Amino acid sequence: MSEDTLEDLLAFVEDELAFATSHYNDSYLDRRVSSRMRRTQCETYEEYFEVLRTDADEQTALLEAMSINVTGFFRNPDVWAGIRTILRNVAGSDDEITVWSAACADGREPYSLSMLAHDDPAIDASTVRILGTDISEPALETARRGVYTESRTVDIQEQLEFLDEYDQYVEVGDDSTYRISDDTKRNVSFERHDLINDDPKSGFDLVVCRNLFIYIDNEYKQPMLETIAQSLRSNGYLVIGKAETIPPTLNSQFAVRDARLRIYQREPTPESSADRAEPDASR
């Protein structure tokens, strides 16, 4: 009966709260629901479902818990060395560099991209445009503020040490807060976008979408990656998480550029000339 109730609960979240639970792994969803049950002191799915149906604040809390907000500055430094190379390659052939940080959580990844562009003398940072998107409005609010606080489990200073002189881009406060500088923020914009349900974008040189697909059921990975493929210019790059892979059915759209770092490149298409259109950040 409890398993049936969990299915009903997840159907309620999908149908009434517009979160696509059917696309995510059951184990991941169960962990998120169980976490909220502990917070609300509910011992059964039935008891929690009653709370969820009647409490708007708990609906918001569950949606936030289901959103994937694991992030950090320059997470996996070896991958960021690869991203630096991509940005240099694009800078050598384009007037403008356009980057989409998809499922960006609280904004640390797009800000890392901006800092990297400012820090590298081979890249003209004034030509770099970065769009960060997520489905979580609270996470996007944090991203737009650009202020982060160190905790007992997160050493922000250690993350930022990927750059030798990171203090040019981040103001460090006495209260262990890290405020992104205005120059760094100027290259970055944020908007809500659901990679599962929303339309593709267009015209990006690089899409970074890391550590989302490990939570997604296999049958839904392909349409999400097709959305990304349609959002990239011909020969544009894709970086995914180190534990993730491109499904074989999409091998014709992406070529492997660095298997260890999970860097791929979109294969040229007959519509290559159309790919030079300006990125559509309004869709």
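Buried here means under 20% relative accessible area, while exposed is over 50% and partly exposed is in between (1.4 Å probe, protein chains only). By that cut-off Tyr-215 is buried, with a relative accessible area of 18%.

A word on the model: it is predicted, so local features need pLDDT of at least 70 and side-chain atom pairs count only at pLDDT 80 or more, while totals for chains, interfaces and linings use all residues. Residues are numbered from 1 along each chain as its sequence is written, and side-chain values use heavy atoms, with hydrogens and water left out.

Now for the rings. Rings of Phe, Tyr and Trp (its six-membered ring) pair if their centres lie within 6.5 Å; planes under 30 degrees apart are stacked, over 60 edge-to-face, and the rest tilted. That rule gives nine aromatic pairs. Here are two of them.

| Pair | Centre to centre | Between planes | Type |
|---|---|---|---|
| Phe-12 and Phe-49 | 5.7 Å | 65° | edge-to-face |
| Tyr-28 and Tyr-215 | 4.7 Å | 50° | tilted |

Phe-12 sits in helix α1 (residues 2-17) and Phe-49 in helix α3 (residues 45-54), so this pair links parts of the chain 37 residues apart. Helices (H or I, at least four residues) and strands (E, at least two) are DSSP runs, numbered from the N terminus. Phe-12 is buried at 16% relative accessibility, and Phe-49 is buried at 8%.

Tyr-28 belongs to helix α2 (residues 26-39) and Tyr-215 to the loop between β7 (204-209) and α10 (218-231), so their pair ties together parts 187 residues apart in sequence. Tyr-28 is buried too, at 6%. Ring pairs also join Phe-19, Tyr-24, Tyr-28 and Tyr-215 into a cluster.
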